[in-house]
Amino acid sequence: MNVLTRPRAGTRPRVPSRFLPVIATFVVFVLTFGAGAVRYEGFASGQVVANLFIDNAYLIVVAVGMTFVILTGGIDLSVGSVIALSTMITAATLRAGWAPWLVVLAVLATGSLLGFGMGVMIHRYGVQPFIATLAGMFLARGLCFVISVPSVSIKDPAFRDMATATIALPGEVTITYSVVIAVVVALVAAYVLHLTRFGRTVYAVGGSESSATLMGLRTGRVKIGVYVISGFCSALGGLLFSLYMLSGYGLHTVGTELDAIAAVVVGGTLLAGGVGYVAGSVAGVLVLGTVQTLISFEGTLSSWWTKIVIGVLLLAFIALQRLIVYRPALP
Amino acid sequence: MTEHAAPVVDLRGITVAFPGVKALDSVDFRLFPGEVHALLGENGAGKSTLIKALTGVHALDAGEIRLAGVPVSFHGPAQAQDAGISTVYQEVNLCTNLSVAENILLGREPRRFGAIDGRAMRARATELLTRIGLHIDPGSALGSHPIAVQQLVAIARAVAVDARVLILDEPTSSLDAGEVAELFRIMRVLRDSGVAILFVSHFLDQVYEIADRLTVLRNGTLVNEYATTEVSRLELVRAMIGRELGVLDEVERRTERRTPDATPLLRAERLGRTGAIAPFDLELHPGEVVGVAGLLGSGRTELARLLFGADRADTGHVVFDGRPLRLRNPRSAIAKGIAFTSEDRKAEGLVADLTVRDNLILAMQAARGWARQVPRRTADELVEKYVAALDIRPADPDAVVGTLSGGNQQKVLLARWLVTRPRLLILDEPTRGIDVGAKAQIQKMVADLAAEGMAVVFISAELEEVVRVSDRVVVLRDRQKIGELSGADVGVDDVLALIATEAEKVVHT
Amino acid sequence: MRNRLWWPLLALVALLLLNLVFTPSFFALRLQDGHLFGSLVDILRNGAPTLLIALGMTLVIATRGIDLSVGAVAAIAGAVTCTHIATTGDAVGGMALALGLCLVLGLWNGFLVSVLGIQPIIATLVLMTAGRGMAMLMTEGQIITVNNALFRQVGAGFLVLPIAILISLAALAGVALLTRRTALGMLVESVGVNPEASRLAGVRSRTIIWTVYVFSAFCAGVAGLMIASNVTAADANSAGLWIEMDAILAVVIGGTSLAGGRYSLTGTLIGALVIQTLTTTVYTIGVPPETTLVFKAAVVIAVCLLQSPRVTGTLRRPAGPAAPPVAAQPQEVGAR
């Protein structure tokens with residue numbers, strides 16, 4: 001035991017238990033769900049939970065992509081628009097007779113390419129992520145309308161079959177393929193973030209980009225890569241959303257990027273980067289989804305109450321993070 | 001021990017120029033395996049630039065780099081690292097949110113079936129840490145350890161990459177004596193195993209203790225290369241600053257020249273803040289320079305911040321000018337004529353994007369409020385006056401302060417507070433990172449201010465400096481005031497002895 | 001700062017000339033019944049709300065913050081006023097009530113950011129989300145039409161020039177005077193560049209930060225009145241939708257950095273005009289209005305790339321011994 005391992009006198013480590021925020025989110029989820037179960041009949045059923053996943057599968061995928069970006073300290077405002085663009089490309093190409101696998105490829109490629117473009121703007125040209133992805137948002141949505149102003153419905157039989165197919169789980173619960181895809185995406189993302197060099201570099205860049213560079217890590221690849229991932233996930237989310245809505249429309253998912261950001265933040269990921277888990281973001285989506293379900297169960301409340309409650313929830317989480325996790329010295 | 005072997009790093013004719021200034025001009029430098037080679041020079045001499053040129057951060061305008069005889073050119077730190085050159089910077093450039101093991105091994109982490117093998121990584125990290133004698137949990141977050149430990153983890157990273165060359169840029173600035181000893185022990189272990197170590201420091205004692213050879217730079221040019229045993233301190237300093245050291249000796253002791261007032265200007269009673277500093281008593285008199293000495297982490301800055309209201313005290317109270325004063329925030333202190341220059345001038349002192357003029361009048365303007373603008377003419381006069389008095393370069397009031405050198409930035413910061421004509425001036429590390437000449441200027445100025453009746457608190461990590469400048473020295477240890485020393489012949493040894501006896505007391509209880 | 005104004009100015013001129021090509025009478029103005037008419041006047045009138053919001057946004061961004069709630073606040077202002085007018089017919093009272101509420105909302109935002117220390121993007125996201133819900137609650141999801149001569153003046157009235165643009169320009173001039181003739185401008189910049197250093201220098205950082213959010217909300221409120229007045233209705237769903245993005249773009253195009261610090265009101269003016277002219281250009285050229293977004297994206301990308309350090313070549317290599325090895329990017333607003 002030497003001078004270095006002796007604990008510093010008078011200092012409390014301000015680094016919190018790493019899992020505290022994610023646990024907090026899960027607790028909130030359980031509480032919210034529990035409140036619903038107590039209040040409403042039929043709320044506490046497996047199918048309600050399954051529906052949560054079914055309705056929000058696309059958002060889970062998008063939130064996972066957003067997690068990567070926010071972990072590096074960036075932000076991606078284009079996700080909602082890329083979802084819409086994906087639905088539009090899907091609908092338009094299916095209508096034009098493309099084979100479904102080609103459609104999927106085209107959509108994923110488009111999302112990834114847009115992400116790459118934004119990543120390059122941000123990393124190479126120093127444009128701030130907020131602005132670069134805002135431009136991406138305009139571009140994607142604009143392209144939607146260039147393809148078609150009115151909505152285009154998806155009539156392809158293979159697609160429709162996929163959309164309505166269900167998987168039966170024990171306990172008379174059914175889910176759709178979207179849920180499976182969402183879960184797989186989350187698991188893959190968690191693997192990448194925790195067990196690959198790329199993922200750890202994501203955290204490193206979020207912790208300190210200059211340090212990561214000096215450590216010899218490939219920060220450029222990561223900085224651009226996270227936007228490619230987010231674009232890819234938005235495109236995939238768009239495919240899932242097309243399955244859900246069976247139409248392509250330029251006015252789909254307006255404002256969804258903010259939902260994704262809210263989910264990620266509620267899930268315990270810091271906007272400054274470097275701290276956060278994919279599990280947290282998934283939990284965040286579930287919390288938001290539960291709120292929505294609660295309100296629809298209530299029946300009498302109009303949809304705009306959802307917005308208010310989500311706003312309040314966001315605030316509560318942030319305040320909680322600030323006061324508990326950081327223990328700042330309030331001046 | 002290796003004079004006859006071939007140099008592992010051979011720099012010839014290195015020239016690096018930036019718009020308007022030649023940072024390095026035809027510098028030669030050699031580094032042999034199995035030696036500790038110190039790089040010395042004042043601020044702005046080019047030490048940092050040389051290192052950045054070697055590691056590929058800066059492109060060369062002229063000259064060549066040879067690594068073990070082979071010419072190389074790096075386009076970034078990653079390449080330099082791959083070639084076996086590792087750098088540990090003064091600000092520990094690691095990621096505090098990652099674990100210790102990751103900080104050591106990320107980039108060459110052990111894999112299993114394509115994924116990172118966490119267990120193997122932690123095991124290897126433990127192995128490396130043990131090799132340098134550090135016993136910490138490799139799975140713990142880096143940020144949960146003090147800076148000294150983080151620095152050693154940075155060195156462990158260098159060891160992990162089997163570096164042939166280890167560059168340590170001002171590694172001891174944030175370390176206390178015990179930690180420095182640890183660092184030197186590790187350096188010797190590495191040196192003896194054949195690593196070439198480039199050690200940049202301005203602490204001459206340390207340089208003489210650890211280095212085998214020395215290279216001195218001045219104003220971007222090479223002055224000379226010496227073996228440590230062949231050059232005296234006087235010669236070395238003369239080589240570094242190009243003139244006699246005598247000017248420093250002129251800063252005489254204050255007590256001969258003035259007597260402080262008997263009535264205290266400020267009296268702090270049981271002033272303290274949990275987690276920062278234990279409750280202390282302190283009296284400050286007009287016309288007196290009170291030094292605050294102690295090792296790193298002893299609470300010097302915390303004490304100063306309490307006196308200024310930068311942090312709020314949990315206990316105790318302050319009496320200023322005979323009346324109780326609630327130091328809720330800096331504004332309440334400034335209103336009474338208290339001024340404070342932070343030790344972190346970049347983060348807490350200067351507003352980098354604003355001009356010299358704006359930075360200079362900032363405190364004065366803030367005190368006047370937003371509505372009453374300081375007239376342009378007054379501002380210009382003040383700038384002119386202090387640029388001359390403190391020798392601030394460049395003498396351009398519209399220069400953006402972020403472009404000035406560290407020493408000049410410090411002078412602008414000082415001028416900001418002098419403009420407010422404070423009655424109590426608290427200086428936290430005012431000479432850190434400043435060249436010898438400017439240091440002497442500032443120390444002399446402190447003496448002059450005290451002679452005019454200002455109360456001054458002078459905090460510095462360099463005990464010699466504190467002792468030379470102060471009438472009275474307050475000694476801190478482990479966030480507690482343990483005593484005061486006053487008298488004409490207080491020396492560094494007295495301070496160290498006081499700190500040591502306190503340490504002994506702790507051990508024996 | 002001067003250099004950065006050239007590109008947006010160029011973009012503006014280019015757009016205007018483009019319009020001229022398609023509509024030779026684009027620059028024509030005629031005076032009739034004491035009103036000035038013409039395409040340029042339309043640009044000014046339609047761009048007035050964006051300009052006003054961008055004005056408030058400039059100061060917020062200068063303090064290293066951002067205000068995403070302005071659209072929602074505008075919607076709330078419209079909703080309050082129209083509901084009040086619909087029930088009592090009192091325009092002045094309605095507007096006063098609306099603006100008063102906006103001040104409170106600004107105080108709320110300012111509280112979250114300056115006292116609780118919550119990051120501005122999240123703090124204002126809260127109001128952005130909840131606020132629109134509140135506006136819809138007030139109007140109960142309906143579009144509330146009003147018919148009030150006085151109220152109509154705000155958005156659609158003329159005093160030679162549209163009253164709306166006069167209000168916005170007056171506000172701009174007022175803020176310019178206030179911030180440049182007093183020390184307020186310098187203090188705002190100081191807080192934006194380095195809030196902690198400013199605090200230690202005795203600057204009332206907290207008050208300044210609080211004030212800019214209140215001002216931003218107030219501007220959003222007045223803009224909301226203009227918008228509602230222009231369509232003589234309160235549509236809580238679409239009033240001010242995405243106007244915060246337009247405002248932020250206007251500020252950034254005008255050369256103010258999202259990282260805070262030095263700001264340019266002239267730049268914001270040019271930026272707002274660019275954004276509005278862009279929308280008009282799209283109509284004039286006859287391209288489907290939905291594609292405005294693509295053009296907007298193109299202009300934003302072009303201007304941002306041209307302003308980027310890499311292209312202007314000032315960052316060819318770190319500028320001297322004091323610079324860090326990698327250009328340090330600030331933390332706010334996901335700006336890494």
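Predicted model: local features only at pLDDT ≥ 70, side-chain atom pairs only at ≥ 80, totals over all residues.
## Terms and model

Residues are numbered from 1 along each chain as its sequence is written, while chains are lettered from A and ligands numbered from 1 in the order in which they are written.

## A sheet in chain B

In chain B, four strands form an open sheet in the order β14-β13-β16-β17, and their pairing is antiparallel. Because β14 (277-284) and β17 (323-325) of chain B stand at the edges with a single partner strand each, one side of each has no neighbour in the sheet. From one strand to the next, the twist averages 25°, with angles running from 0 to 180 degrees between N-to-C directions and axes being lines fitted to C-alpha atoms, for helices over the stretch in contact.

Strand β16 (residues 315-320) of chain B runs antiparallel to β17(B) and is joined to it by three bridges. Opposite B:Pro324 in β17(B) stands B:Val319.

## Two packed helices in chain A

Helix α4 (residues 100-123) and helix α10 (residues 219-245), both of chain A, pack with their axes 7 Å apart and at an angle of about 145°. The contact of α4(A) with α10(A) is made up, by class, of 15 nonpolar, eleven polar and one charged residues, where Ala, Val, Leu, Ile, Met, Phe, Trp, Tyr, Cys and Pro count as nonpolar, Asp, Glu, Lys and Arg as charged, and the others, Gly among them, as polar.

Residues are in contact if their C-beta atoms, placed from the backbone, lie within 7 Å. Between chains C and A, the contact takes 45 residues from chain C and 46 residues from chain A. On the side of chain C that touches chain A, α5(C) provides the largest share, twelve residues, and the residues of this side divide into 31 nonpolar, nine polar and five charged.

Between chains B and C, the contact takes 36 residues from chain B and 25 residues from chain C. On the side of chain B that touches chain C, the largest share, six residues, comes from α13(B), and by class this side has 20 nonpolar, ten polar and six charged residues.

Methods: Pairing = 2+ DSSP bridges. Contact = placed C-beta atoms within 7 Å.
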